[in-house]
Every structure is written in structure tokens, then in C-alpha cells.
Amino acid sequence: MLPPNYFEAMDYAGIIRDYGRPESFVERFTALSRDELRAIQNERFLKIVAFAWKIPLYQRLWGAAGVQPGDIRSLDDIVKLPAYSKSDLMASVEAHPPIGDFHGLDTYPADQRPPLVFQTTSGTTGKPQPLLFGAKSREIQNLLLGRFYALQGMTNADIVHSVYGHGMVNGGHYVREAILHWVGAQMMTAGTGVETRSANQVGLMKEFGATAIIGFGDYIKRLSDVAREAGLEPGKDIPIRIISGHMGAESRETMSRAWGGAKVYDWYGVGDTGAIAGEGPDLSGMYVQEDAQYLEILDIVTGAPVADGESGDMVCTCLFKDDVFPIIRFNTHDVSAFKTDASPLGLNLRRIVGFLGRSDNMVKLRGINIYPTGIGAILTENHADLMSEYVCLVERVDGRDEMTVHIEANGALDRTTGAYEALLKTRLGVEIAVKLAAPGALGHLTQIEIRQKPIRLIDNRKDA
């Protein structure tokens, strides 16, 4: 007997039965009560916990915390399980090369083993991490992203330009599958500036009439500048109506203005988990897909749950990954907070405010926590003369930590920066210096053309 192929293993009919089609997202979660949702979460949680007990990483992790299989009887018991992070997965890979011992492939008989979808992280902060998906979990993950695209107005009539990277990196392949399998739009998989030169990308968008762009906001904004340099008017010569991705340094207003008034939507997820939360047409925060993703906000220092409205690390449990790599209490080290008001759309789902920064990339200045990834939006949304490219340099001066934001700007570079510095002091509560740079001058520091996520922090204190 042959092992199942991808289509047999993914169980399409079961996915539709349990998760619906992307277009039914609003209808599904206006009708489903919180009690009904909790019952679904509990059932799926217990299933992935039972699978995880067969896997060496979890046996080791949970055993060290003194947890026994009988201790986890419902989702309420999740707090008994220790959280873990990428460093634990990389330690698993180091000890058990090449893909670690955090998967359950060896729990299947040879003739029932599901096919493995194998990608990696970008490796921009070190050695790439293996990303492992079974056919079923991969296709549910694709559907979850398809839900957000549908919620944001993308249809099969759109022509979608993607600037996510490819190669071994997961991003480009994942969004391509989500759109082709669940939205049905025409895809242009241009990738990063290394894969397809920026000037060629804007030419392709014009030639094929791109109506949507997906990817990281930093590079999407860069493409609008490249289009104008080529004599093209974004929104007119390139009829973009939707931008969906990860806005990062860009404010919604700045990005929309750069692309001729396009609607701009943000969504959040990481390589291991897929899409966790995303915006809808109400633009009132990101909806957490709670039937598939159980999200906790935990104190960065203590690991204890924080009150709604307070910020902390996002710790995710994927309730649908029950075939190859179960993810239970994975600490993303990305910071957010739960919203406390009601959904304008009437969806019975929790919302987060969005990505606020990384706790492992946080800088503490005079007792204030500063997230470099949020500084660009503060400056550009209030000063149209400032451009999107910036980098924060931190140094120790006379025994005190000091931050300087170097940001590209139009106009004279020797003008006073007092207004920019006053804005940062008002918004962040601490003095931060600002220095202006010519357009394009910071590219060698941010590496905007060659990285999925540009560098926004250079910490020179390590060399002090």
C-alpha cells in the first residue's frame, strides 16, 4: 500500500466541513457564540496535546516542567504547560539534525506517513530554522490566510503582485498557495528586489494591470518611489486598490497616499503558525482566528497572563496542527495587546491592536521600553517630508544609553530636527535624537532591497 499523497492526506472535504470557505468567514463568526467557540477550541486542543505527547521535544519540555499526561484535561489547563520559542527548536535541530525531533513523522507506519512540506525561515538573524508542515495543516493554514484576503475584499478578479521572498523561505510559497487554492486570483510572484529588480517589478505591475500588492510594507512603499522615478503614477498607471501585508514602519495613511488611495490592511503571523490575526474593512484591530489559533498575551518578564489592554509577548497554540508538527504555547516574542471594545462587524472573535514590536529587540531608555519597528510610522505619518527608510542606532554615551534615528528625507538635510525629536519625546516619553539622510543613503544599513524584513536597529552597545 502506497503512503497518501498531498491531496489524499489533506482531506479537503474535512477542511471545508470544519473551517468553511474563506468567503463564509463573517457569516460563520457572527453566528457562532463564544460558548460554541470554546467547545471547538477545547476539542481541538486536547487532540493536539495527545499527539504532542508522542513527540520527543514535548516529552522533554513538559517532563522537565513536571507535567504528566493526565494533568491536561481541558484548555483551562494550558497554563500548566511551559512556553517555548525558536531557540528551543534550533536546539532540537542542533541535537537531532537535520530537522530536529519536534515533529511526529516517526509516529506513523511507513505506509501512512503523510507527505512533508518543508521550508525554512529567512535566516536573517542566524541559521535558518526548518519549517515543517503536513498536508492537512498546510492547507488549513492556506485557508486561514485566504479568509483574511477575502475579508479585505480580494476576489478572483484581482491581479495580485507578491513581493514575498521565495527560495527556501516559506513566505512566498505560502501566500501563493493561499491565493491560488482559496481566492483564485491571478498571481505575479515577483519576490524581493534580489529576485526581480525593483524597476522591473513596477514595469510588470503596469503591464499586467496589478490591482493588489501583498508583502512587507517597507518594500511595498519603496516600490511606489521606484514607480514615480520611472514616470509612473501609482493608483493611475498601476491601478492598485488593495494592499495587504505587514506594514512595519509604514502608517496606513502614508502607504495609502503612496499608492494613490489604495485600501491598506495589516495581518499578523509567523512562519511556524501561519496567519494568526488580521484586519477587516472596519480597521478596528486584528481579528484572531480563534477556531484555529489560541492566542495568549503574556508578561515579557514573568510569563504570566496580562490584563486585556496591556501589552506582552504573543504566545500561540495552533489548534489545527495535528498531523506533523503540533505547536503548543510557542512564544513568538512579538508584542501586542488585546482590544477591549466590541467588534464593529459583530464578529464573536477577540482582536489584537497589531504588531507593536519584538520583546527581544526592545531597547530600554531611561526606564522606557522602545520598539524600533514602530518609530518610522510615528515620524512619517506626521511629517510628509520624511521618507520610509530609517534605522535606529543605539550607543552608550557617558554611561547612558542613547538612541539616534537616522531617516531619509526630502529637502535640505541641514535643517533643524527639533520638531521630529519633540514628536518622539511626546509619543514615547523619552528623548531620541533624529538625523536626516539623503534618499537612498541608508540602503546599505537597512538592506531594504535584499531582505524580507529591513534592519531597523543597530545596537552598538555590545561593542562598548
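In this predicted model, helix H9 (residues 198-208) lies across strands S3, S4 and S5, and runs at about 165° to S4. These strands belong to an open sheet of 8 strands, arranged in the order S4-S3-S5-S6-S7-S8-S9-S13 with mixed pairing. As a reminder, strands of a sheet pair through backbone hydrogen bonds, either parallel or antiparallel. At the edges of this sheet are strand S4 (186-189) and strand S13 (351-352), each of which pairs on one side only.

Strand S8 (residues 274-278) and strand S9 (residues 286-288) pair in the antiparallel sense over 2 bridges. Gly-278 has Tyr-287 in S9 as its bridge partner. Helix H8 (residues 170-183) also packs on the sheet, where it touches strand S3 (159-162), S4, strand S5 (212-216), strand S7 (263-270) and S8. The direction of H8 makes about 165° with that of S4.

Helix H8 has a helical neighbour too. The axes of helix H7 (residues 135-151) and H8 come within 8 Å and cross at roughly 75°, so H7 is roughly perpendicular to H8. By class, the contact between these two helices has 9 nonpolar, 6 polar and 3 charged residues. On the H7 side, the residues that meet H8 include Arg-138, Leu-143 and Tyr-149, while those contributed by H8 include His-173, Ile-179 and Trp-182.

Conventions:
Residues are numbered from 1 along each chain as its sequence is written. This is a predicted model: local features need pLDDT of at least 70, side-chain atom pairs count only at pLDDT 80 or more; totals for chains, interfaces and linings use all residues. Side-chain values use heavy atoms; hydrogens and water are left out. Two strands pair if DSSP finds at least two bridges between them. Helices (H or I, at least four residues) and strands (E, at least two) are DSSP runs, numbered from the N terminus. Contact means heavy atoms within 4.5 Å. Axes are lines fitted to C-alpha atoms, for helices over the stretch in contact, and angles run from 0 to 180 degrees between N-to-C directions. Angles under 35 degrees count as roughly parallel, over 145 as roughly antiparallel, 65 to 115 as roughly perpendicular and the rest as oblique. Ala, Val, Leu, Ile, Met, Phe, Trp, Tyr, Cys and Pro count as nonpolar, Asp, Glu, Lys and Arg as charged, and the others, Gly among them, as polar.
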